[in-house]
Structures are given as C-alpha cells and as structure tokens.
Protein chains: 2
Amino acid sequence: MTARRSTRQRDVIARVLQDAPGPLGVTEVHACAQAELPRLGIATVYRTLKLLTEERRIHPVLLDGETLYETVGRGHHHHFSCTRCGRVFTLHTCPVTLPSSAVYPGGFVVEAHEVTLYGQCPECAARKTGAH
Amino acid sequence: MTARRSTRQRDVIARVLQDAPGPLGVTEVHACAQAELPRLGIATVYRTLKLLTEERRIHPVLLDGETLYETVGRGHHHHFSCTRCGRVFTLHTCPVTLPSSAVYPGGFVVEAHEVTLYGQCPECAARKTGAH
DNA sequence: ATAAATGCAAAGGTTTTGCAAGCAG
DNA sequence: CTGCTTGCAAAACCTTTGCATTTAT
C-alpha cells in the first residue's frame, strides 16, 4: 500500500543531515541540498523532512525558536547553541543527574529530558571577547 | 529618550504572567488579559511581550514548538512538560551538574543551560497508566 | 504504462507593521 | 498639548496544499 520511492531529492536531503555536525533548520537543509540540486523546491524539503520524521530516520528539535532536524541513532546527547554565531552543535556528554524514571518532589514522574547549553563555541571563544 | 509609558494594557499583561503557575503562550496571555480588557488586540500582546522581554521583566521559553513567556526573577529553575495533559510546570530543583563557566570537551564555553523534563505531572500520574 | 514525487504557485496561519485615533505625562 | 500606545487592517513570513509535469518502478 505504501509505495515509497527512492529519489535523488530524498537521498540528498538525508545525506545533508547525516553529514551535519548538528541539527539544521529547513532553510539550511534547503541551501545545502541546492548545492547539488539547484531546482530543489522548498516544498519538497518540507515534505521530505516530514517523511523522514515519520520513518524515524530524523527527528525535530526545537531550539532558538526554530525547528531543527537531526538524524536519529546518535545516542543520548544534547545540544550546544552558540550565542555568537548561532550554530547548534551536538554534545555527547550529558550533564544531567537523573536516574531514569525518577520521581521529582511534588510527584512529577520523569520519563525523558532535554538539555540545551548556551555559550561560545570553540571557534567563537578563540576569537576572544569583543572581537568581531 | 526612551519615554516608556505605563498603560492599563501593559499592567494587565504583566500581571497575567506574574500570576501564572508556569509559562504562557501568546494566545493564552491574550485570552487571560481579555477577561479584563475585552478590546485588547493581539498586536498589543505581541508588542508588549517584546517590550517586557527587552526590559528583562519576562523571558521566552521555547517548549513544545511554541514560544511561552514567564516572568524572570523566580530564580534558577527548569520546566516539566506533561506528556499527558500538555501543561507546563516550573521546577525549582536543578538536575544539572555544571560548575558555572564550565568548558566542555572540545572547547565549548558554557554560559547558561536550559532543561526540560518530560513525563507525567502529579495529577496525570495519579490517574494511573491507561486511564483517561 | 502507472502512480508517486516534484516544482511552482496559490492558500492557510501566525507574527509584524502602518496609521488614525486614543491616552499618559 | 505632545507624542507614545492602541486597535484595526494590511503586509510580511513561514508552512502546507493543489495541480500539471516529471520520474521511479
């Protein structure tokens, strides 16, 4: 019943996300993919992102007021959002002390958690404070 | 140069957020405020929220794909988003182990962090699994 | 060949802006 | 009085949809 086809557009979009160092926004995905497919329309990007999400190959992250997408299967991780350049990176160290299934004071049953760290990425930090 | 005026609209909107148990979305703020100011326009809500944010009296939280606003000055805290009823609560216990100004592997300089816990709120948890 | 997928353009929502009228100072 | 604020409506944005054409199978 579901006859999903493999197309050049889908392959390119999936690869763009695979190769990214962190989650990307719709516009970024579009721009990166257009390097290979100049006629790629934004509607296809939206449709493909939705499709890949349904297939559980990528998943959306809400960060900085934007919906970003990243590939799944990179294990438990969190994000670092650079307050200077705005890029988002993936971190593999988890700073949260939470026994899974912890119950918080008040009776809140925790099933999952999401952490975002804000600050300066290595590149921006190297440029020193005040420098532009 | 900045001649900021005190108006009924601004007072009401600020109070709505003060009295809320957790962050509210634009529509919620509008609805609550309209209880007192029936002719309040949505544009004024947007403008006032931006204003209060610039004044650092409130600040935006990005949760569940929506931008919510909460008053500042409630100390360091995080949020709990109930996966059953969708309400967002404020938690005053921080599960993050982060010496302030920590530098993460790779050279990421952490200035702040945001944590969201997902699970069941006390009320929903009491209703037992499966119950509706 | 056949039907899914694409690109374009139009439609839907949400947030922002322009402007005359309404108020705070 | 003066000019910041407001409410309304139009504009700007972002995301989704409709449809003829292209393309994978």
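**View 1. Chain A of this predicted model is divided into two domains.** Domain 1 covers residues 8-71 and domain 2 covers 78-129, with bounds that come from an automatic or database domain assignment. Their C-alpha centres lie 22 Å apart. Residues are numbered from 1 along each chain as its sequence is written, and side-chain values use heavy atoms, leaving out hydrogens and water. Local features need pLDDT of at least 70, side-chain atom pairs count only at pLDDT 80 or more, and totals for chains, interfaces and linings use all residues.

**View 2. Here is where domain 1 of chain A meets domain 2 of chain A.** Eight residues of domain 1 are in contact with seven of domain 2 (heavy atoms within 4.5 Å). About 600 Å² is buried between the two domains, 53% of it from carbon and sulfur atoms; buried area is the accessible area (1.4 Å probe) that two parts lose on being put together, summed over both. Look for A:P21, A:L63 and A:D64, which supply 56% of the area that domain 1 buries against domain 2, more than any other three residues.

**View 3. Four cysteines of chain A carry a UniProt "binding site" feature.** The unreviewed entry places this feature at A:C82, A:C85, A:C121 and A:C124; UniProt annotations may be inferred rather than shown by experiment. Although spread over 43 residues of sequence, the four cluster in space, with a largest C-alpha distance of 8.2 Å. To get your bearings, find A:C82 in strand β4 (residues 78-82) of chain A; strands are DSSP runs (E, at least two residues), numbered from the N terminus.

Terms used:
Chains are lettered from A and ligands numbered from 1 in the order in which they are written. Helices (H or I, at least four residues) and strands (E, at least two) are DSSP runs, numbered from the N terminus.
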